[in-house]
Amino acid sequence: MRWIFSRAERSVKNTLALLLPFCLLSPPTQAQTTGSAEAAKGKNSMCIGCHGIPMYRTAFPEVYSVPMIAGQSPEYIVKSLQAYRTGDRGHPSMQGIAKSLSDQDMADLAAYYGGPGKAGK
């Protein structure tokens, strides 16, 4: 019985030894994109028109109070833009804008607008 256990144990160890390098070298399945607030300065013109005006209300597709996004959590901004892009959030203007943004664009805009101390942008 000891011989069978030892052989099985060696087999497991050999398999793990073979797989370990592949696990260490493979990239993470969901890499986080790091945003650049500086890069967003050239991308935020479509945001400022609505989100940069205090108490702004839009009339399309209905009268709607536009939220200020400065100071929001960067993660919230990215998740919101992703939801508009996939259609999980429904505002035609935002869906169109979000569909035009890459993941890097979203991360950059979130870095620009997001976080504490940025409520006055």
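Modeller: Here is helix α4, then the core it belongs to. The model is predicted: local features need pLDDT of at least 70, side-chain atom pairs count only at pLDDT 80 or more, and totals for chains, interfaces and linings use all residues. Numbering starts from 1 along each chain as its sequence is written, and side-chain values use heavy atoms, with hydrogens and water left out.

Helices here are DSSP runs (H or I, at least four residues), numbered from the N terminus. After α4 comes G87, with a positive phi near 90 degrees.

Now the buried side. I77, V78, S80, L81, A83 and Y84 are the buried residues of α4; buried means under 20% relative accessible area (1.4 Å probe, protein chains only). An α-helix has 3.6 residues a turn, so residues three or four places apart point the same way. The buried residues of α4 pack against α5 (92-99) and α6 (103-113).

The largest nonpolar core has 16 residues. Such a core is a set of buried Ala, Val, Leu, Ile, Met, Phe, Trp, Tyr and Cys residues joined through side-chain atoms within 4.5 Å. I77, L81, L101, L109 and Y113 have the most contacts inside the core. α4, α5 and α6 each supply at least two of its residues. α6 gives the most, with 5.

Key. Buried < 20%, exposed > 50% of the residue type's maximum accessible area, 1.4 Å probe, protein only. Contact = heavy atoms within 4.5 Å.
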